[in-house]
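The following report concerns a single protein chain. Please consult the sequence and the three-dimensional view while reading.

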Amino acid sequence: MHLHLRRICLLLAVTSSSSPALAADASHGADLAKRWCASCHVVANGQTQASADVPSFAAVARRPDFNPEKLAFFLLDPHPKMPNFPLSRTEAGDIAAYIGSLRP
């Protein structure tokens with residue numbers, strides 16, 4: 001029950017932050033991605049090393065069902081294939097905004 005309530009609160013927090021003051025910062029997300037995600041994912045053009053079995057951030061951005069709010073929520077929810085990084089809501093939103101900025 002506690003996890004379910006946490007998910008609802010996180011989803012509401014991520015999707016209701018339409019104020020410009022609360023807007024996600026893609027530039028900060030790029031910095032976080034390079035620091036925390038680049039050991040497994042290709043996070044930027046010119047990156048030469050990453051795990052072969054994980055999608056690049058550009059591939060994630062190109063998915064037809066891509067949604068930055070859902071991605072931020074996904075990053076906050078523990079999942080087995082990724083390391084458990086202690087991301088704040090702001091950091092998850094910033095990383096999702098960065099990935100969204102890679103959409104063609």
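## Alanine 23 and the basis of the model

Alanine 23 counts as partly exposed because its relative accessibility is 47%; buried means under 20% relative accessible area, exposed over 50%, and partly exposed in between (1.4 Å probe, protein chains only). Alanine 23 belongs to the loop between helix H1 (2–15) and H2.

The model is predicted: local features need pLDDT of at least 70, side-chain atom pairs count only at pLDDT 80 or more, and totals for chains, interfaces and linings use all residues. Residues are numbered from 1 along each chain as its sequence is written, and side-chain values use heavy atoms, with hydrogens and water left out.

## Overall organisation

The protein chain contains 5 helices and 0 strands, where helices (H or I, at least four residues) and strands (E, at least two) are DSSP runs numbered from the N terminus. Along the sequence the pattern reads α-α-α-α-α. Of the 104 residues in the protein chain, 28% are buried.

Among contacts in the protein chain with a separation of 6 or more, 62% come from residues 24 or more positions apart; contact means heavy atoms within 4.5 Å.

## Packing of H2 against H5

Helix H2 (residues 26–37) packs with H5 at an angle of about 100 degrees, the axes being 7 Å apart. Axes are lines fitted to C-alpha atoms, for helices over the stretch in contact, and angles run from 0 to 180 degrees between N-to-C directions. H2 is therefore roughly perpendicular to H5, given that angles under 35 degrees count as roughly parallel, over 145 as roughly antiparallel, 65 to 115 as roughly perpendicular and the rest as oblique.

On the H2 side, Ala26, His28, Gly29, Ala30, Leu32, Ala33 and Trp36 take part; they meet Glu91, Asp94, Ile95, Ala97, Tyr98 and Ser101 of H5. These contact residues comprise 8 nonpolar, 3 polar and 2 charged (Ala, Val, Leu, Ile, Met, Phe, Trp, Tyr, Cys and Pro count as nonpolar, Asp, Glu, Lys and Arg as charged, and the others, Gly among them, as polar).

## Aromatic rings

Rings of Phe, Tyr and Trp (its six-membered ring) pair if their centres lie within 6.5 Å; planes under 30 degrees apart count as stacked, over 60 as edge-to-face and the rest as tilted. The count is 1 aromatic pair. The ring centres of phenylalanine 57 and tyrosine 98 are 6.4 Å apart and their planes stand at 55 degrees, so the pair is tilted. It joins distant parts of the chain, with phenylalanine 57 in helix H3 (residues 57–62) and tyrosine 98 in helix H5 (residues 89–101), 41 residues apart. Both phenylalanine 57 and tyrosine 98 are buried.

The charged end of arginine 35 sits over the ring of tryptophan 36, at 5.3 Å from its centre; this requires NZ of Lys or CZ of Arg within 6 Å of the ring centre and within 35 degrees of the ring normal.

## Residues in the other loops

Alanine 44 and proline 55 are both placed in the loop between H2 and H3. Leaving aside residues up to four places away in sequence, alanine 44 touches Lys34 and Tyr98, while proline 55 touches His41, Val60 and Arg63. Proline 55 is partly exposed at 30% relative accessibility.

Proline 86 is located in the loop between helix H4 (68–76) and H5, and proline 86 is exposed, with a relative accessible area of 71%.
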